[in-house]
Structure formats: structure tokens, C-alpha cells
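This report goes through selected features of one protein model, heading by heading. Please keep the sequence and the structure in view while reading.

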Amino acid sequence: MMRQVLLFSLFLLATCLQVSGQEYSIIDKRAIKYFEEGEVFLSRKQFPEAREKFQEAYQRSKDFYEAYIRHAQTLLSSGRPEEALEVVKLGQNRLLIKDSDFYRGQLGWIEGQILLEMGRFEGALQVIKDSHAFFTREFLESDQYQQKKQQLEIIEEGIQNPLKLRKEKLPSPLNRFQLQYFPVLTADGRRIFFTKRDGTSVRDHEDIYYSNFENGQWTVPEPISVAINTRYNEGTCTISADGNLLIFTSCDTPDSFGSCDLYLTERINGSWQKPRNMGRSVNSRFWDSQPSLSADGSTLFFASNRPEGEGGNDIWYSRRSEEGQWAAAANLGKEVNTPGDEVSPFVFFNNTVLFFASDGHVGFGGKDIYMSKLGREGFGSPENLGYPINDQKDQLALFIAAQKDYAYYTENSFHQGRVDSSFLYRFDFPESIDLGEKLIVTEGKVVNEQTGEPVEAMLSLVNLDNDSTLYRFRAEGEEGTFTMIYPDSAFSGLYVEKQGFMPKIYNVERDSLKNKKNLKVFLEPIASGSHFVFENVFFDFDDTDLKPASVSSLNRLVKFLKAHPSLAITIAGHTDNVGSESYNRTLSTKRAETVKEFLLASGIVESRLGTIGKGASEPIRPNDTEENRALNRRIEVIIQ
């Protein structure tokens with residue numbers, strides 16, 4: 001931000017001198033010599049020496065307006081806006097009543113930029129408004145002014161319609177270090193992770209710390225694990241919904257491909273395992289950092305400065321396959337990324353809303369937080385979150401709790417333009433910002449039905465109306481536990497699958513899985529005689545035609561048979577007890593044949609498929625209600 005102000009101001013002064021038709025506003029050669037010496041120092045980025053020379057120039061000749069302007073610009077770019085404002089006021093006090101409109105406009109414009117940098121938005125808007133009559137036509141028509149005008153309009157709209165929120169610093173024993181930043185919470189909000197740094201020097205050490213919320217307060221922060229924190233720098237992490245999969249940044253490690261790489265580790269039986277580099281498909285020989293993992297663990301977003309992007313730092317992403325492999329990272333595209341910097345991505349728990357920080361989109365100043373929603377063509381045009389979430393400072397590392405109640409972030413304190421300390425804050429997230437449907441949480445464990453041992457299975461939530469898999473989750477680690485977070489949408493099918501086991505199929509609504517705790521999923525090893533109820537295959541009453549919503553489950557059965565090519569199955573049809581025994585057997589046989597015809601059309605050979613109609617002879621519920629009769633009208637798959 002400071003560099004942008006400086007470059008813009010340099011352009012401004014060049015325009016001023018060209019329009020004024022003279023080299024300087026004074027003729028004092030010694031004062032001009034001081035000024036030109038200051039310009040040389042400035043070109044070398046020797047800011048203290050440059051400031052001294054510009055000050056000597058206007059002290060020598062008090063009407064040397066260019067020197068006031070350049071001194072103020074240099075102070076502003078050095079992170080000293082209060083001193084810059086004093087210099088501008090000195091120059092304004094020296095303006096002549098007549099023939100000073102040109103410099104009056106320039107000093108007024110710089111005063112406005114200083115006030116913007118200080119966060120004094122109302123004062124800045126008023127000063128620029130009062131100075132507008134003194135701006136030259138060439139300046140008003142410049143691209144730089146037009147871009148700044150957009151920023152001023154955003155600021156004016158923001159301060160006139162501010163979001164109502166209450167910011168608060170997280171209480172002790174958190175915020176006990178000089179620097180802590182990039183907060184991340186588990187889905188239940190009971191554990192917070194953050195990066196802790198020993199000091200402000202680039203040589204100071206970074207580690208990952210965590211704290212638990214117990215008995216109404218946070219515990220004393222502790223290092224996450226000696227397996228993760230090393231003598232190298234570890235930080236900026238992301239955690240899976242259940243808290244068992246961690247992806248973090250480590251810099252300058254021996255096995256890294258670039259300056260900073262992304263690493264992955266899992267927590268098994270309460271202990272974090274040795275991290276592993278995520279490999280060349282994700283990492284590059286450049287800076288790769290600030291990861292954010294989708295709630296279902298399928299997509300990883302991160303920031304990188306690799307040159308194949310739109311410029312500066314960009315948001316990139318990688319998808320994880322069913323086999324657990326990460327695809328080659330891809331740029332998120334021009335809707336989100338700009339020639340400026342886009343960093344600190346955070347994908348909300350519904351996987352459809354992405355937050356990130358950017359100084360490439362027009363905002364309030366520095367890096368602002370933006371929101372982009374997933375559509376058919378990818379993530380759409382970003383929206384600025386507004387004031388006072390965004391202000392004149394750099395906004396970074398926003399994390400919104402799954403419950404949508406609080407947003408967590410880092411707030412920095414500065415000294416002479418440099419970060420002096422940073423602390424963890426939160427604010428009550430505004431309801432006016434739409435995050436999509438209400439989130440549902442289902443927690444549980446997948447185990448082997450015969451042995452009781454945990455199973456690392458894949459769980460898929462499917463929209464039965466169009467057979468689209470919307471969310472995928474894993475039962476992770478040796479415990480086989482899972483946490484599914486998903487919006488309360490139209491999908492109805494949950495499929496739990498693992499090679500070598502019979503699949504488990506649920507109907508989310510009918511089986512009351514929403515917000516269920518401790519769901520036990522028993523998977524049966526494949527063996528002759530094993531069978532499962534083929535849920536989500538629908539027939540109308542007294543009909544043999546498949547409903548369209550049945551296609552999703554049928555496709556899953558095709559996939560299961562192709563994954564186990566040596567298996568043969570029997571498709572068993574069942575009915576309720578309405579009608580005669582012979583009629584129900586005929587009806588159930590026809591329904592089984594209908595399923596068989598679908599499998600044949602999908603490439604499964606007939607020798608692997610048998611059918612049987614059992615009518616109402618084997619009910620799984622008493623036929624005393626319509627709901628129970630509907631459960632008895634079913635298809636079962638039996639391994640031959």
C-alpha cells in the first residue's frame with residue numbers, strides 16, 4: 001500500500017511540473033540543489049537522507065512547494081503519516097492568496113491520501129471534495145485518478161452504511177505472545193490453532209500452537225507437536241472438520257521444493273504423525289503458503305507467487321482424488337486473481353463461499369477481505385465485505401466459525417510503518433452477509449461389522465434428483481472417525497464405501513442422520529451370502545418402473561460391481577403385504593428384473609446377475625403403517 005501511494009504521488013508531481021510550465025516554483029539554486037540531492041537519495045530508497053534534503057530545501061526557501069510535497073510523500077511511504085500531515089500543513093500555510101491554485105490542489109490531494117492512510121475517512125473525503133476545483137483537467141482524466149475515485153466511492157458508501165459488529169480481543173491466556181496470527185478453528189469451535197512468532201525480525205522463529213475451549217475459557221496455548229514444530233518455520237495451517245488432518249506451511253526445510261512448501265500430517269490415536277511434503281503437484285520452487293482445506297477434504301486452496309499466475313501472489317487450488325492423490329495445482333482465475341496480491345484464502349464449511357485478502361481489487365486501502373461465491377463457471381466476481389471489517393489497514397486471515405456466529409482474524413499494531421505486534425480478535429459475523437444454507441453436522445465412526453475394528457472409508461453425500469455427488473468425506477486415521485459438515489440442501493443419499501466391503505447406503509432424511517452424534521456405520525466384509533438393503537431405489541405403489549431418483553444408487557451398484565469383477569450377485573425384490581401372495585411375488589420379481597436390466601445396460605455381464613422375488617415373505621418392519629410398508633418395498637443385493 002505504501003509503495004502504491006509513493007508511485008502514485010510521483011506520477012502526480014510529474015504531471016504538476018509539466019502543467020505548470022516551469023521547472024520549479026522557486027529560483028533559489030541552493031534550495032534546488034538540496035531538492036535534487038533528495039531525489040537522488042529517494043531513487044536509491046535512502047529515505048532518511050532524502051527526507052533530510054527535502055526539509056533543507058523548503059527551510060532554505062519557504063515557498064518551495066515541490067519540496068513540501070516530496071517530503072510529505074517520503075514520510076508517508078515510510079509509514080509516518082502524522083509527520084507527513086504536519087509537512088503538508090506547513091506547505092499549505094505558505095500558499096499565496098493568488099496564483100497558488102495548482103499547488104493548492106496538489107497539497108490538498110496529498111492531505112487526502114494521508115488522511116486515508118490514517119483511517120480518517122470522513123476528513124479525507126471532505127478535503128478531496130474541497131480541493132477538487134483546483135485539480136487540473138489532465139489529472140482528473142488520468143487512469144490513476146479514476147481508479148482512486150472508485151476507491152473514494154467505496155469508502156463513502158462504506159462509512160455511510162457501516163456493518164454493525166462488535167470486535168473483541170480474545171481473552172487471556174490467549175494473546176500471550178508478541179506475535180500470533182492466522183487463527184483456525186475445528187468445526188465444533190472447541191480448538192483454535194494459530195501461528196506464533198518469537199519476534200518481528202525475519203530471522204525470528206515461527207511455530208504452530210493450539211488452545212482448547214474448556215469450561216467456558218481457553219486453555220494456555222501449547223506447541224502442537226514436536227513432530228510438526230522444528231527448528232525451521234512452521235505456520236499458517238488448515239485443519240479438517242474433525243481435527244484429524246492438518247496441512248501447514250514450512251519454510252526452508254531440507255526436502256522443500258521452494259522457499260516455503262505445504263506439508264500434510266494426520267492425527268492417529270491422539271498423536272500427530274511425521275509430516276510429509278505434499279509433492280510437486282501442489283508445491284513449486286516458489287513460495288507456497290496459507291492453505292485452506294474444504295470441509296470435506298476434497299479441495300485445497302492456497303497462496304503462491306509462482307509466475308504462471310495473474311501476477312504477484314495468487315490463489316491456487318488442488319483437488320484430491322478418491323484414491324487420496326492431489327491433482328496438479330491450478331490458478332483460480334481472473335475473476336479472483338489480479339496483477340496485485342491475493343492471499344490468505346479461506347473456504348467456508350459449505351465449500352461454496354471463498355474469502356481472501358487482496359490489494360488488486362479496489363477497496364478501502366491496503367489489503368481488504370473479499371468474498372466470492374461458487375457458480376456454474378467457478379468462483380464469481382468478488383464482493384468487498386465492507387466497513388468496518390475492512391479499513392485502511394491490511395486485513396488478513398479471516399476465519400468464520402461453522403456456526404456462523406463469529407469471525408476470527410488477526411489485528412496488527414504498527415510502529416513507523418512496520419508490524420510491531422499482532423493479536424487474535426473476533427467479531428460477531430453480520431447476518432446481512434449471506435453464507436448460504438444452514439449447516440448440518442453428522443459425526444460418527446466406521447467399523448468392521450465382524451471385528452469392530454475401524455475402517456478408513458469414503459462417505460459421499462449425493463443429490464438423488466440429479467445423481468450429483470456434492471460432498472465427500474473420509475473416515476480418517478486408525479480410529480475411523482468422521483465429521484461431515486454440509487448445507488441443509490436437497491440431497492438425500494449417503495453412501496459409505498470401502499474396497500473389500502459391502503457398501504452401506506442411507507437416506508439422510510428418512511434415516512434421521514442430520515445433526516446426529518456418534519453414528520456407528522458397520523461395514524460388512526464381502527463374502528458369499530453377505531447382503532445389504534439397496535436404499536434409494538424407488539418404485540411407485542404397484543409399479544415396476546424405476547423412479548428417476550433411483551439412478552444414483554444404481555450407478556453406485558455398477559461402480560461396486562466393476563470394482564469387484566469376480567463377484568456375482570442376486571437381486572432380491574421385496575414388497576409390502578398389500579395384495580395376494582402370488583401377486584406380490586410376481587411384482588417383486590419384476591422389480592428385481594428391472595434393476596437387472598439397468599445393470600446389463602451399464603455393461604455388467606448377465607452371468608454375474610441373478611434375480612429372485614420374495615414378495616412380502618421377509619418384512620423388515622411390521623406392515624402396520626404406510627411408512628413401514630414403504631420400508632418393506634425394497635431391493636436387496638446378495639453376494640452369491
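## Disulfide

Cys 251 and Cys 260 are joined by a disulfide, with an S to S distance of 1.9 Å. The model is a predicted one, and the count of disulfides in it comes to one. The link of Cys 251 and Cys 260 is right-handed, with 100° about the S-S bond.

## Packing of helix 4 and helix 5

Two packed helices are described by the angle between their axes and the distance between the axes. For helix 4 (residues 65-77) and helix 5 (residues 81-93), the axes come within 8 Å and cross at roughly 170°. An angle over 145 degrees counts as roughly antiparallel, and helix 4 and helix 5 are therefore roughly antiparallel to each other.

On the side of helix 4, the contact is made by Tyr 65, Tyr 68, His 71, Ala 72, Leu 75 and Leu 76. Helix 5 contributes Pro 81, Glu 83, Ala 84, Val 87, Val 88, Leu 90 and Gly 91. By class, the contact of helix 4 with helix 5 has ten nonpolar residues, two polar and one charged.

## Cavities

Rolling a probe the size of a water molecule over the atoms shows where empty space is left. In the whole structure, the search finds four cavities of 30 Å³ or more.

The largest cavity has a volume of about 260 Å³. Its lining consists of 25 residues, and those nearest the centre of the cavity are Val 184, Thr 238, Ser 292, Phe 346 and Phe 399. At least two lining residues each come from strand 2 (179-185), strand 7 (233-239), strand 12 (288-293) and strand 16 (342-347). Sorted by class, the lining of the largest cavity has 18 nonpolar and seven polar residues, and no charged residues.

The second largest cavity has a volume of about 100 Å³. It is lined by 13 residues, of which Ser 240, Ala 295, Asp 296, Arg 474 and Glu 476 are the closest to its centre. The lining of the second largest cavity divides into five nonpolar, three polar and five charged residues.

## Largest pocket

The volume of the largest pocket is about 940 Å³. There are 28 residues in its lining, and the closest to the centre of the pocket are Tyr 181, Arg 197, Leu 396, Asn 412 and Val 419. Strand 2, strand 7, strand 22 (406-415) and strand 23 (418-428) are the elements that give two or more residues to this lining.

By class, the lining of the largest pocket has nine nonpolar, eleven polar and eight charged residues. Strand 2 and strand 7 also supply residues to the lining of the largest cavity.

## Backbone exceptions

Most residues other than glycine have a negative phi, and most peptide bonds are trans. The loop between strand 1 (167-169) and strand 2 holds Pro 173, and the peptide bond from Ser 172 to Pro 173 is cis, with omega near 15°. Asn 175 also lies in the loop between strand 1 and strand 2. Although Asn 175 is not a glycine, it has a positive phi of about 60°.

Another cis peptide bond joins Tyr 387 and Pro 388, with omega about 5°. Pro 388 is in the loop between strand 20 (383-384) and strand 21 (399-400).

Key
Residues are numbered from 1 along each chain as its sequence is written. This is a predicted model: local features need pLDDT of at least 70, side-chain atom pairs count only at pLDDT 80 or more; totals for chains, interfaces and linings use all residues. Side-chain values use heavy atoms; hydrogens and water are left out. Axes are lines fitted to C-alpha atoms, for helices over the stretch in contact, and angles run from 0 to 180 degrees between N-to-C directions. Helices (H or I, at least four residues) and strands (E, at least two) are DSSP runs, numbered from the N terminus. Angles under 35 degrees count as roughly parallel, over 145 as roughly antiparallel, 65 to 115 as roughly perpendicular and the rest as oblique. Contact means heavy atoms within 4.5 Å. Ala, Val, Leu, Ile, Met, Phe, Trp, Tyr, Cys and Pro count as nonpolar, Asp, Glu, Lys and Arg as charged, and the others, Gly among them, as polar. On a 1 Å grid over the protein atoms alone, a cavity is a set of points where a 1.4 Å probe fits but cannot get out, and a pocket is an open set with protein on both sides within 12 Å along at least five of seven lines; lining residues have an atom within 4 Å of a point. Grid points are joined across faces, edges and corners, and a volume is the space filled by probe spheres set on the points. A disulfide is a pair of cysteine sulfur atoms within 2.5 Å.
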